[in-house]
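Student: Please walk me through this one. Where do we start?

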Amino acid sequence: MMTQLAVADMTQAQAYTAPRPLLSVSNVGKRYGTRIGCTGVSFDLWPGEVLGIVGESGSGKSTLLGCLSGQLRPDAGEVLFDTRDQGPQDTLNMSEAERRHLGRTDWAFVHQNPRDGLRPGVSAGGNVGERLMANGARHYGDIRARAQDWLARVEIDPTRIDDRPGQFSGGMQQRLQIARNLVSGPRLVFMDEPTGGLDVSVQARLLDLLRGLVRDIGLSVVLVTHDLAVVRLLADRLMVMKGGHVIESGLTDQVLDDPQHEYTQLLVSSVLQV
Amino acid sequence: MSEYNFAYLDEDTKRMIRRAILKGIAVPGYQVPFASREMPMPYGWGTGGVQVTAATLIPEDVLKVIDQGADDTTNAVSIRKFFQRTAGVAVTERTTDATIIQTRHRIPEMPLTENQILVYQVPIPEPMRFLEPRETETRRIHALADYGLMQVRLYEDIARHGEIATSYAYPVEVAGRYVMDPSPIPKFDNPKLDDCPAIQLFGAGREQRIYALPPHTRVHSLDFDDYPFVASKAEHACAICGSEASYLDEVITDDSGGRMFVCSDTDYCAQRAEGGA
């Protein structure tokens, strides 16, 4: 009896803790006509992990991000996401309704240009609250309170809740976009050059904020950037892309401190020193 | 009379419009595209409503046309004359006598019955037009019932004005599925859309869309739990018939601040005044 119980307990515990990647990508490829967008990309992203993707312009970073987040349709490969209720699901073959549902609950996408991710005609509170309302929130007071809470968390003065994004500075707009995305408690965030176009002091503040949020909430992030300093601060693991291929991957510090591939060596040595 | 087909439109066009109407009734609140014809009146004067009326009219019908509740305004008079001339149907100003009522911006105060059809003139059928400019995107939103954006509009209203300030064209959810623009009727009329025994048809001529509410459809005005929908009207009684229950127009009577409130539904008001109410 005792042993039976113990065995049952153990299998249950195993079933519960059996580690599973949050996002599992195998052999994803996308071509634009005869040209390669990206090809043969495979990786696993684990819960709470930040994966950086670096490479020069045209190396296929954004194409890959588009394929992973359901904005582009890859020609080949498989993307499995570990959904909350149904376990791993193929996001490429799910219906658009399901994909949109993921897009406003478990996923978030932070664009390089905040204007792509914000509604310019809607107040900051409305921008942050949109995901909540899309997910069925119908209590104005609650929505507003949560929007205010999130504005404070991204260091925007909550009294500016009724201002439009156009009245905010570039850095504030980017932080507003992050608040708008994280309010629904996503588990996976795609970021496309989140610090691009910001001056260095604002960039540093934003990075600091992002690092805090990522660690506090335990977010998994796929972060595309060409800025090696950004990945050094944020990313646990790093993939280096060139010409649509992943040419090197590994722990961030390992790749940056001891680059193996000649292109990575060139990339690391190209960073400007002050 | 003889120079026109019955009710102006040719029979093939009417068939096409009837198909759109039937589809609209089968899918309540869904905007059905149709090949809107050019009508002998400018867009914005009810070309959509006129085409729907023409396609549903039969010789035995009794037609009533109202504009902002009134039977005697330019738009109402010209459309009524148009059908008198092209269809030779009987016309009336009495809501209870009419079998088809074409309306702009109001629902009559008298309760409608199963034997009636209410035809709305619609300027902009898309409730999200000013929130999402891309038609491809709004169609997708409707298809996937992804209506968070609509709620954002109401949120903005409360954030800016302290209440839901939208007072006309107030968005509704139809039969638990599609969000629909009820045409620019005052929100006072929204509760009359719900569970209405008459057939309600909506025609947008310039935008080439027809949509419909079959009889006894559940129509819910969107709102927030802590800011519920309120069917508001001016806090006065009608200066002519004394009604406190009907929707009122404010009429400026002189240039020194004089004003009066009168029923916008002229037939309702006249009957009450006649009946000595």
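Student: How do the residues lining the largest pocket divide by class?
Tutor: This is a predicted model: local features need pLDDT of at least 70 and side-chain atom pairs pLDDT 80 or more, while totals for chains, interfaces and linings use all residues. Residues are numbered from 1 along each chain as written, chains are lettered from A and ligands numbered from 1 in written order, and side-chain values use heavy atoms, without hydrogens and water. The lining has 10 nonpolar, nine polar and 15 charged residues (nonpolar: Ala, Val, Leu, Ile, Met, Phe, Trp, Tyr, Cys, Pro; charged: Asp, Glu, Lys, Arg; polar: the others, Gly among them).

Student: What is the volume of the largest pocket?
Tutor: A pocket is an open set of points on a 1 Å grid over the protein atoms alone, where a 1.4 Å probe fits, with protein on both sides within 12 Å along at least five of seven lines; lining residues have an atom within 4 Å of a point. Points join across faces, edges and corners, and the volume is the space filled by probe spheres on them. For the largest pocket, that is about 1300 Å³.

Student: Which residues lie closest to its centre?
Tutor: The lining holds 34 residues.

Student: What is the volume of the second largest pocket?
Tutor: Its lining divides into 12 nonpolar, five polar and seven charged residues. Its volume is about 630 Å³.

Student: Which residues are closest to its centre?
Tutor: The lining has 24 residues. The closest are P127(B), F130(B), L131(B), R153(B) and T166(B).
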